Amino acid sequence: MRTGSITRTTHETDIRVAVNLDGTGTYDVNTGIGFLDHMIEQFSRHSLIDVTCHVKGDLHVDQHHTTEDSAIALGQAISQALGDKKGITRYGMAYSPMDEALARVALDISGRPVLVWKAEFTQPRLGEMDTELFEHWFQSIAQAAGITLHIECLYGSNNHHVIEGIFKGFARAMRGAVEIDPRKGDAVPSTKGILGG
């Protein structure tokens, strides 16, 4: 089983994250931000990556540190679980419809972290979560996991549907990218012989 676990304690957050890339999509998530919990749960369920994510953050200040650090720890745990990345499919892409909204996510577990973000929101908050933090969450996880990540909302009018479609699309793209391709054997999927590093 390809697993990773991260414990991360700073003056701003205390985090414990564990993942199993070969899981069934079970999750135990408590960040203190209900909407963020819901999105990470969607990621787990639709990627089939088991996720434990417990965060105690300085929410009396704002949600920024909890959002950022949860993504950093989750990305680090995924990177740890991927190890040398031998045999993985590496690339993943998904179109994700959510009622009237349609998201497109494409990614490469390349070791070269980049986020291209093309999504907008028409309200400042969903539940108690600031919508400006969604882009930052994806920037942080892309950086920590070493992912080239392109996210677009092609269209959609309901803010909840837009971001849920994005998270589900990210999940489905990750599911495809971390899968072991039996045709690759134990080869690293790069002509360089290494991904990242």
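# Briefing on a predicted protein model

Gly83 lies in the loop between α2 and β5 (91–98). The points below begin with the loop, then turn to the whole protein, the helices and the aromatic rings.

- Gly83 is partly exposed, because its relative accessible area is 42%, a value between the limits of 20% and 50%.
- In sequence Gly83 and Ser5 are 78 residues apart, while their C-alpha atoms are 12 Å apart in space.
- Lys85 also belongs to the loop between α2 and β5.
- With a relative accessible area of 8%, Lys85 is buried, since buried means under 20%.
- The phi of Lys85 is positive, near 70°, and Lys85 is a residue other than glycine.
- Arg90 is another residue of the loop between α2 and β5.
- The phi of Arg90 is near 80°, again a positive value in a residue other than glycine.
- Arg90 has a relative accessible area of 8% and is therefore buried.
- As background, most residues other than glycine have a negative phi.

**The protein as a whole**

- Read from the N terminus, the order of elements is β-β-β-α-β-α-β-β-β-β-β-α-β-α.
- Along the principal axes, the C-alpha atoms fill a box of roughly 45 × 40 × 30 Å.
- Of the 197 residues in the protein, 51% are buried.
- The accessible surface amounts to about 9000 Å², and carbon and sulfur atoms account for 48% of this surface.
- Taking contacts between residues at least 6 apart in sequence, 76% join residues at least 24 apart.

**Thr66 in helix α2**

- Thr66 is placed in helix α2, which covers residues 64–82.
- The relative accessibility of Thr66 is 0%, so Thr66 counts as buried.
- Not counting residues up to four places away in sequence, Thr66 touches Thr13, Thr31, Ile33, Val55, Gly57, Asp58 and Leu59.

**Helix α3 and the residue after it**

- Helix α3 takes in residues 132–145.
- The buried residues in helix α3 are Leu133, Phe134, Trp137, Phe138, Ser140, Ile141, Ala142 and Ala145.
- Gly146 follows α3 and has a positive phi, near 75°.

**Aromatic rings**

- In the whole structure, a search finds 9 aromatic pairs.
- One of these is the pair of Trp137 and Phe138, with 5.0 Å centre to centre and 80° between the planes, an edge-to-face arrangement.
- Trp137 counts as buried because its relative accessibility is 0%.
- Phe138 likewise has 0% relative accessibility and so counts as buried.
- Phe138 also pairs with Phe167: the ring centres are 4.7 Å apart and the planes stand at 50°, so this pair is tilted.
- Phe167 counts as buried, since its relative accessibility is 0%.
- Ring pairs join Phe43, Trp117, Trp137, Phe138, Phe167 and Phe170 into a cluster.

**Ala171 in helix α4**

- Ala171 has its place in helix α4.
- At a relative accessibility of 0%, Ala171 counts as buried.
- Leaving aside neighbours within four places in sequence, Ala171 is in contact with Gln42, Phe43, His46 and Ser47.
- Phe43, one of these contacts of Ala171, is also named in the ring cluster.
- Ala171 and Ile49 are 122 residues apart along the chain, and their C-alpha atoms are separated by 8.6 Å.

Technical notes:
Residues are numbered from 1 along each chain as its sequence is written. This is a predicted model: local features need pLDDT of at least 70, side-chain atom pairs count only at pLDDT 80 or more; totals for chains, interfaces and linings use all residues. Side-chain values use heavy atoms; hydrogens and water are left out. Helices (H or I, at least four residues) and strands (E, at least two) are DSSP runs, numbered from the N terminus. Buried means under 20% relative accessible area, exposed over 50%, partly exposed in between (1.4 Å probe, protein chains only). Contact means heavy atoms within 4.5 Å. Accessible areas come from the Shrake-Rupley method with a 1.4 Å probe; for residues, only the protein chains shown count as cover. Rings of Phe, Tyr and Trp (its six-membered ring) pair if their centres lie within 6.5 Å; planes under 30 degrees apart count as stacked, over 60 as edge-to-face and the rest as tilted.
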